Amino acid sequence: QPLPNSCSPSDSCGSCTGKHGLNTNTRLQKAWESLMMGKADGINASGDLPIPKTLVMNGDLTAYFHPYQKHAYDSIYNNIDGLEYYFPSLGNHDIEHVGGGMYGGDEWVGGLPNCNAEHAIGYFKSAFCGQIPAFDTDRIVRYDSSSLVYSWDEGRYHFVHSHYYPSYEMASMKYHSSLEWLERDLQMAHDAGLTTILFVHAVQGLNDAMEYILLGKNVRAIIAGHTHRCLHRRCEGVYPLNEDQVKNLESLEFDAGKCIPAAYDTCQVLNGENLIYAKDMEADVTFPEEKLHNHEQKDKPLCPKPAPIYINETDNSLLCRRVIYSQPNFPFESGQNSTETIPIFWSGSASFETFLRGDFFEDRIVINAMKVSEEGEAARYVDLHTVPNAVYPYHEVSDVEETTIYL
């Protein structure tokens with residue numbers, strides 16, 4: 001659609017973004033409540049699956065941890081009926097603000113370096129003082145205060161929350177890498193005969209050093225977020241061509257297709273998670289009425305200016321190509337040091353009302369890509385949508401079907 005259902009043409013970009021975010025997160029809340037209260041969800045009609053009582057939030061709790069965003073987050077995630085255990089983590093939108101992501105600066109007390117990030121870290125640390133509802137400190141088996149990484153057990157399973165990604169660190173906040181801690185934690189879990197599930201907000205942050213840490217430790221799945229248009233077993237998206245690329249289009253080794261930035265008339269954003277191919281447009285989606293134009297970057301005068309995005313002024317469109325954000329297994333380049341691979345699963349994002357449901361049995365792990373239906377209920381993505389589609393133009397059915405990992 002040109003605009004989310006929760007917005008009107010008179011809304012500003014900020015107003016529409018806020019309304020859409022509140023609407024999608026509230027719909028997710030209600031869908032989760034229906035699952036946690038035992039309501040059938042399309043994959044549990046027979047009632048033989050366990051009723052989920054745990055929610056794992058894999059980073060990016062807010063957009064930039066401004067006070068009003070934190071308040072909106074609390075209003076939803078502190079009040080989920082049926083939830084017994086809540087395990088949150090911090091993503092780049094919560095703690096990595098030095099790249100200009102603050103939209104004008106910190107807003108808690110004004111102007112102090114890392115202020116919003118410090119509040120995000122303070123929020124997470126408050127969990128160990130009983131300040132985050134449903135965060136049960138008695139469940140935590142190990143925790144590292146310098147990197148915030150922590151782990152908990154359930155039956156034969158060991159779960160680890162590594163926040164943004166394990167090697168991330170920021171000296172100005174005394175935020176340290178968790179690599180050494182993670183190596184010890186995984187080894188202890190392995191020695192105890194446990195099967196590990198690793199949560200990483202941005203799996204793209206995993207590097208070659210992680211092979212030695214993760215492989216051979218019975219890590220059977222990595223759960224990721226971060227990239228909105230990655231879902232379940234595929235992490236690919238749409239990226240616009242710049243003017244120089246279009247001039248040399250015949251020499252490029254990829255196909256290009258006409259695309260538009262959805263909702264451009266409201267937000268004037270050329271590049272991001274809003275790009276859709278013209279061939280995938282639904283009947284009620286039209287080309288932007290506002291004339292597309294490149295925005296000059298003025299906030300980073302010492303940085304090289306990016307090449308202008310190509311704009312077809314005849315029909316007010318762009319040219320886009322396929323971009324692979326991540327391979328579906330770790331190590332990303334298999335076969336170098338080991339034949340072992342660990343599958344990666346992406347949860348999508350609240351923007352598209354997607355999430356993962358994981359059921360953990362003694363002999364297997366079952367993971368489903370989930371979506372909130374028009375009626376507000378949780379259902380399998382494959383039961384609601386066909387793929388490929390405008391949001392996931394490169395997904396195949398096998399990428400979103402139920403996955404079973406036998407132990």
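Reader: In which strand does Cys230 lie?

Author: Cys230 lies in strand S8, residues 230-232. Strands are DSSP runs of E, at least two residues, and helices are runs of H or I, at least four, both numbered from the N terminus. This is a predicted model, where local features need pLDDT of at least 70, side-chain atom pairs count only at pLDDT 80 or more, and totals for chains, interfaces and linings use all residues. Residues are numbered from 1 along each chain as its sequence is written, and side-chain values use heavy atoms, without hydrogens and water.

Reader: Why is Cys230 called buried?

Author: Buried means under 20% relative accessible area, exposed over 50%, partly exposed in between (1.4 Å probe, protein chains only). Cys230 has 0% relative accessibility, so Cys230 counts as buried.

Reader: What is Cys230 in contact with, leaving aside neighbours within four places in sequence?

Author: Contact means heavy atoms within 4.5 Å. The partners of Cys230 beyond those neighbours are Cys235, Glu236, Tyr325, Trp346, Ser347, Gly348 and Tyr392. Tyr325 is 95 residues away along the chain, yet the two C-alpha atoms are separated by 8.3 Å.

Reader: What makes Ser178 buried?

Author: Its relative accessibility is 2%, so Ser178 counts as buried. Ser178 sits in the loop between strand S5 (157-161) and helix H5 (179-191). Neighbours within four places aside, Ser178 is in contact with Ser147, Val149 and Pro166.

Reader: Which residues of helix H4 are buried?

Author: In H4 (residues 115-125) they are Cys115, Asn116, Ala117, Ala120, Ile121, Tyr123 and Phe124. Their cover includes helix H2 (67-77) and strand S4 (150-154).
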